[in-house]
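Please look over the structure shown below before reading on, and keep it in view while you work through the points. The notes are grouped by topic.

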Amino acid sequence: HGSGMATAMLGLGIRRAVGAYRASGWAAGKYLGRGVSGAAASDRDVRVEYLQDEFSGVVVFAFNRPAAKNAMSLNLMKELDEGISSVKGNREVRAVILKSDVPGVFCAGADLKERKKMKEEEVPGYVLRARRIITDLSELPMPVITALDGVALGGGLEIALATDIRVAAEDAKMGLVETRLAIMPGAGGTQRLPRLIGIGKAKELIFTAKVVTGEEAQEIGLVEHAVPQNEDSNAAYLKALEIAREIRDKGPVAVAVAKKAINDGMQMDLNTALKNEEYWYAQVIPTEDRMEALKAFAEKRQPVFKGK
């Protein structure tokens, strides 16, 4: 790339990144409401729970449509959208975990019964909205971890692909199976999967609609961890909690800008990406959290980060 093009790319990338960062509320330390949680959310398709005590700072989005195997209905996606909005600018939220309250199933993909009732001209709008919501999930400032303790097919796997870290039970099953229905992945799967596991392997999985186990998914880089399932069918969730707790204790602004630097850099050539990294590194220098970390080190104690 020529230097002029690289500079233009960097400028565009940084403008987008700054816009997203400011919109998230992290830069200004903006605080939004606590959202829906606890018993009040038990009848919702997406239960939002703010964990406490040992896991304070971690928020769980739990899919909860047992009769439909957590299929992505209009209402489930609306409630996922609401959950994303409720944590986006909340600097007390350090990590988000996606899981299922339905044993053996994460998400079976699109709600085909609902889709069948749609007029042909309504389908593209539905897919576009789902893609937008999943993209918003990927752009949350805090890390998002998916716990796959059961089946994740089609759009269900596309949701997981949009998150930062994926943990699966060894016997979980997942795949982009849309070609079985004479369609293709339309909520980011054709773009995120090859970026994650390589072009050739992604093509094979999409063209054949192959379903892989959690163990196989780890071998090809589709998930970061594959853990033996337990009697409660929540082994992946417990591992996700462990990772979230580790993230929770780190500097939240540093984690947020590191996520931006990584995500943006993946779309740039190396020289431009290094300039992008330089920009984001400069953003953590004047933070209160950095000074707190230095002070805590000198005083031989654990730092108390405020996300400022």
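What follows is a briefing on the chain as a whole, on one pair of helices and on one residue. The model is a predicted one. Its chain contains 12 helices and 10 strands, and buried residues account for 49% of its 308 residues.

**The whole chain**
- Of the contacts between residues at least 6 apart in sequence, 68% join residues that are at least 24 apart.

**Helices α6 and α7**
- Helix α6, covering residues 189–197, packs against helix α7, covering residues 199–208, at an angle of about 135°, and their axes lie 7 Å apart.
- Because of that angle, α6 is described as oblique to α7.
- The crossing in which α6 passes α7 is right-handed.
- On the α6 side the contact is made by Gly189, Thr190, Leu193, Pro194 and Ile197, while on the α7 side it is made by Ile199, Lys201, Ala202, Leu205 and Ile206.

**Residue Asp289**
- Asp289 belongs to helix α12, which spans residues 288–298.
- Asp289 counts as buried because its relative accessibility is 6%, and buried means under 20%.
- Leaving aside residues up to four places away in sequence, Asp289 touches Pro252, Val253, Phe305, Lys306, Gly307 and Lys308.
- Val253 is 36 residues from Asp289 along the chain, and the C-alpha atoms of the two are separated by 7.9 Å.

Definitions and conventions: Residues numbered from 1 in each chain as written. Predicted model: local features only at pLDDT ≥ 70, side-chain atom pairs only at ≥ 80, totals over all residues. Heavy atoms only, no water. Axes fitted to C-alpha atoms, helices over the stretch in contact; angles between N-to-C directions. Helix = DSSP H or I, 4+ residues; strand = E, 2+ residues; numbered from the N terminus. Parallel < 35°, antiparallel > 145°, perpendicular 65-115°, else oblique. Left-handed = near helix turned anticlockwise from the far one by under 90°. Contact = heavy atoms within 4.5 Å. Buried < 20%, exposed > 50% of the residue type's maximum accessible area, 1.4 Å probe, protein only.
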